[in-house]
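Please take a moment to look over the sequence and the fold before reading on.

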Amino acid sequence: MEKKQSLDAFAALGQETRLDVFRLLITAGPEGMLAGGIGETLGVRQNTMSANLSILTQAGLIRNAREGRSIRYFADMEGVKGLLEFLLEDCCGGRKELCQPVIEKLACMC
């Protein structure tokens with residue numbers, strides 16, 4: 001991920017509702033959630049949720065798939081991976097042993 005894309009991702013996550021949506025979709029895993037369910041879970045009106053989902057999608061942090069008349073949203077793990085790679089690119093000056101605790105903490109324990 002390039003610097004501009006990373007800045008877009010951080011800007012998208014810098015708003016409370018969008019951060020909540022992102023964390024909810026990370027928790028939902030590969031099943032994702034329908035747009036209405038996201039809004040319902042977080043208590044956010046449909047038009048507000050639609051704008052927030054659009055911003056997160058444009059930032060490359062979430063993706064969507066149409067299911068009939070509904071849209072299901074998922075955390076875009078490639079986007080998340082790109083952002084983390086950008087952040088940790090020069091982690092600890094190349095001294096892997098210093099980065100290992102961070103990497104282990106990030107590893108999915110599923």
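**From the chain to its packing**

Read along the sequence, the protein chain follows the pattern α-α-β-α-α-β-β-α-α, and its secondary structure comes to six helices and three strands, where helices (H or I, at least four residues) and strands (E, at least two) are DSSP runs numbered from the N terminus. This is a predicted model, in which local features need pLDDT of at least 70 and side-chain atom pairs count only at pLDDT 80 or more, while totals for chains, interfaces and linings use all residues. Residues are numbered from 1 along each chain as its sequence is written, and side-chain values use heavy atoms, with hydrogens and water left out.

The C-alpha trace of the protein chain spans about 50 × 30 × 25 Å along its principal axes. Of the 110 residues in the protein chain, 30% are buried, a word that stands for under 20% relative accessible area, with exposed meaning over 50% and partly exposed what lies in between (1.4 Å probe, protein chains only). Among contacts in the protein chain (heavy atoms within 4.5 Å) between residues at least 6 apart in sequence, 52% join residues at least 24 apart.

Strands of a sheet pair through backbone hydrogen bonds, either parallel or antiparallel. Here an open sheet of three strands has the order 1-3-2, with antiparallel pairing, and two strands are said to pair if DSSP finds at least two bridges between them. Strand 1 and strand 2 stand at the edges, each with a single partner strand, so one side of each is left without a neighbour in the sheet. Helix 2 packs on this sheet and touches strand 1, strand 2 and strand 3, its direction making about 85° with that of strand 3; such angles run from 0 to 180 degrees between N-to-C directions, and axes are lines fitted to C-alpha atoms, for helices over the stretch in contact.

Within the sheet, strand 1 (residues 33–34) and strand 3 (residues 70–75) pair in the antiparallel sense over two bridges, with M33 opposite Y73 and L34 opposite R72. Strand 2 (residues 62–67) and strand 3 also pair in the antiparallel sense, over six bridges; on this side A65 stands opposite R72, and E67 stands opposite S70. In the hairpin of strand 2 and strand 3, two residues lie between the strands, and G68 takes a positive phi near 65°.

G32 counts as buried because its relative accessibility is 10%, and, leaving aside its neighbours within four places in sequence, G32 is in contact with R72, Y73 and F74.

Which helices does helix 2 meet? One of them is helix 3 (residues 35–42), against which helix 2 packs at an angle of about 120°, with their axes 11 Å apart. In this contact T17, D20, V21, L24 and L25 in helix 2 meet I38, T41 and L42 in helix 3. By class, the contact of helix 2 with helix 3 has five nonpolar, two polar and one charged residues, where Ala, Val, Leu, Ile, Met, Phe, Trp, Tyr, Cys and Pro count as nonpolar, Asp, Glu, Lys and Arg as charged, and the others, Gly among them, as polar.Another is helix 4 (residues 46–58), whose axis comes within 10 Å of that of helix 2, the two crossing at roughly 70°. Helix 2 and helix 4 are therefore roughly perpendicular to each other, given that angles under 35 degrees count as roughly parallel, over 145 as roughly antiparallel, 65 to 115 as roughly perpendicular and the rest as oblique. The contact is made by T17, R18, V21 and F22 of helix 2 and M49, N52, L53, I55 and L56 of helix 4.

T17 itself lies in helix 2 (residues 16–28) and counts as buried because its relative accessibility is 19%. Leaving aside its neighbours within four places in sequence, T17 is in contact with L42, V44, M49 and N52.
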